[in-house]
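Here is a short briefing to keep beside the viewer.

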Amino acid sequence: PLSHPGQEFPILEKQNWLIHLHYIRKDYEACKAVIKEQLQETQGLCEYAIYVQALIFRLEGNIQESLELFQTCAVLSPQCADNLKQVARSLFLLGKHKAATEVYNEAAKLNQKDWEICHNLGVCYIYLKQFSKAQEQLHNALHLNRHDLTYIMLGKIHLLEGDLDKAIEIYKKAVEFSPENTELLTTLGLLYLQLGIYQKAFEHLGNALTYDPTNYKAILAAGSMMQTHGDFDVALTKYRVVACAVPESPPLWNNIGMCFFGKKKYVAAISCLKRANYLAPFDWKILYNLGLVHLTMQQYASAFHFLSAAINLQPKMGELYMLLAVALTNLEDPENAKRAYAEAIRLDKCNPLVNLNYAVLLYNQGEKKGALAQYQEMEKKVNLLKDSSSLEFDSEMIEMAQKLGAALQVGEALVWTKPVKDTKSKHRTTSASKAGGFQQPLGSNQALGQAMSSAAAHRKLPSGAGGVSQLPKPPSLPLEPEPTTEAHPTEASAQIREK
């Protein structure tokens, strides 16, 4: 060191190399010791020492303290865009998105061609729900430098706006640019799955699994597709791999439970679904499935409990009220069952099963006129579905409708304008009715309602390029926010229909 008693000004930057070395080796204690010494020697004027101290504070979770130090750096060197970027990032991490955009815009004036500033501005605008500004900034970022993370954020805007087609376009471009990115492949596969384009969904999910055989979301989505097609054993084999990696995933246990349900192993199904419910007590789909399995096992009080809980969380779904009515019928409470059916009919205008089950209840109660009205409503819905859909009805429902039609016809000596065989039209649904008295029991154990499963946990975006590239400063990073609270289609929501 060139220090002697006559030296007035210490060399401000002399220890920078050592600070840098300790920082990139992640030896933070030694780094802090050198910084302290350097700042004492320079009366707190060494900008690099303050900057690295602020980075260490941020790593330790002291965001506010790191913000104050970065602001000090910005005062010491007002023309340095890096300092402003770090101030803006700290504001973003504190949730002050508007203030962060202002600082990023200041930094943009100092450096017009910085991909990271454009990308981060776009992310801030997403949080402020200014989607058009966000798109503009993200497109600017892509012109400067193509990054996977920018494509992901741009796709996310289209998803938040509910435009799946545009999102797919963005993710397709992203996959062309980065064909081995499993995050992009999985997201694209899930979007195709949501649109019902199963071939392309399987292709992209398969590619993701080729590059990363333990990819949690891809396995869950591929498993749920197999489950939909009745390959329960293959799906369970896939889920076994995931269970080791993420044993705390509610959708995983939900799907495993519904695999067991499909295999008619009801006790195992309830055990897995209870675990899913413990991990995610406010997921209505898990409660729905628990209600379904308990109905199948003829445990009607338990079914009522879980279906009521599901209705509290999802009050606009007609099918839940129908299943609740089935439970109430078997708990010998026909008045409340009728109320539940009325609500189901009000909410669900196209499912003929609701009217069929209601007609059965009314017939059993001796209200043949009401039963006939519901039967005719069911026929109308069946005819509409027959014209507009290529799916097939469940054979049980057809059989039940024919029995009820015959009984009503004999009872009332009516001539039908439409033959009962209309119910054999091309739409498949599943029957969920058990009522005492008439053709005991209605519906069967294997097909109670549309068993849905939500197959994805929270998204985690891939981490940006970290580390320190060169002196004098480690770069700031592109922002990677956690997903916002809006429902997000990249969560693989796989609907499982039981055969």
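This is a predicted model: local features need pLDDT of at least 70, side-chain atom pairs count only at pLDDT 80 or more; totals for chains, interfaces and linings use all residues.

**Confidence**
- The chain has a mean pLDDT of 78, and 79% of its residues reach 70 or more.
- For residues 1–9 the pLDDT is below 50, and the model gives this stretch two contacts beyond near neighbours in sequence.
- The pLDDT is also below 50 over residues 410–472, a stretch with 224 contacts in the model beyond near neighbours in sequence.

**Overall make-up**
- The chain contains 23 helices and two strands.
- It has 499 residues, of which 53% count as buried.
- Among contacts in the chain with a separation of 6 or more, 61% are between residues 24 or more positions apart.

**Helices α11 and α13**
- Helix α11 spans residues 182–194 and helix α13 spans residues 216–228; they pack with their axes 9 Å apart, at an angle of about 25 degrees.
- That angle is under 35 degrees, so α11 counts as roughly parallel to α13.
- The crossing of α11 past α13 is left-handed.
- On the α11 side the contact is made by E183, T186, L190 and L193, which meet K217, A218, A221, S224 and M225 of α13.
- Sorted by class, the residues in the contact of α11 with α13 are five nonpolar, two polar and two charged.

**Helices α7 and α9**
- Helix α7 (residues 115–127) and helix α9 (residues 148–160) have axes that come within 11 Å of each other and cross at roughly 20 degrees.
- Here too the angle is under 35 degrees, and therefore α7 is roughly parallel to α9.
- α7 passes α9 in a left-handed crossing.
- W115, H119, V123 and I126 are the α7 residues in this contact, and their partners in α9 are L149, T150, M153, I157 and L160.
- The contact of α7 with α9 is made up of seven nonpolar and two polar residues, with no charged residues.

**Positive phi in loops**
- K264 has a phi near 65 degrees, which is a positive value in a residue other than glycine.
- You will find K264 in the loop that links α15 (250–262) and α16 (266–279).
- K264 counts as partly exposed because its relative accessibility, 48%, falls between 20% and 50%.
- Q298 is another residue other than glycine with a positive phi, in this case near 60 degrees.
- Q298 sits in the loop between α17 (284–296) and α18 (300–313).
- With a relative accessibility of 45%, a value between 20% and 50%, Q298 also counts as partly exposed.

Note on methods:
Residues are numbered from 1 along each chain as its sequence is written. Side-chain values use heavy atoms; hydrogens and water are left out. pLDDT is the predictor's confidence in each residue, from 0 to 100. Contact means heavy atoms within 4.5 Å. Helices (H or I, at least four residues) and strands (E, at least two) are DSSP runs, numbered from the N terminus. Buried means under 20% relative accessible area, exposed over 50%, partly exposed in between (1.4 Å probe, protein chains only). Axes are lines fitted to C-alpha atoms, for helices over the stretch in contact, and angles run from 0 to 180 degrees between N-to-C directions. Angles under 35 degrees count as roughly parallel, over 145 as roughly antiparallel, 65 to 115 as roughly perpendicular and the rest as oblique. A crossing is left-handed if the near helix is turned anticlockwise from the far one by less than a right angle, and right-handed if clockwise. Ala, Val, Leu, Ile, Met, Phe, Trp, Tyr, Cys and Pro count as nonpolar, Asp, Glu, Lys and Arg as charged, and the others, Gly among them, as polar.
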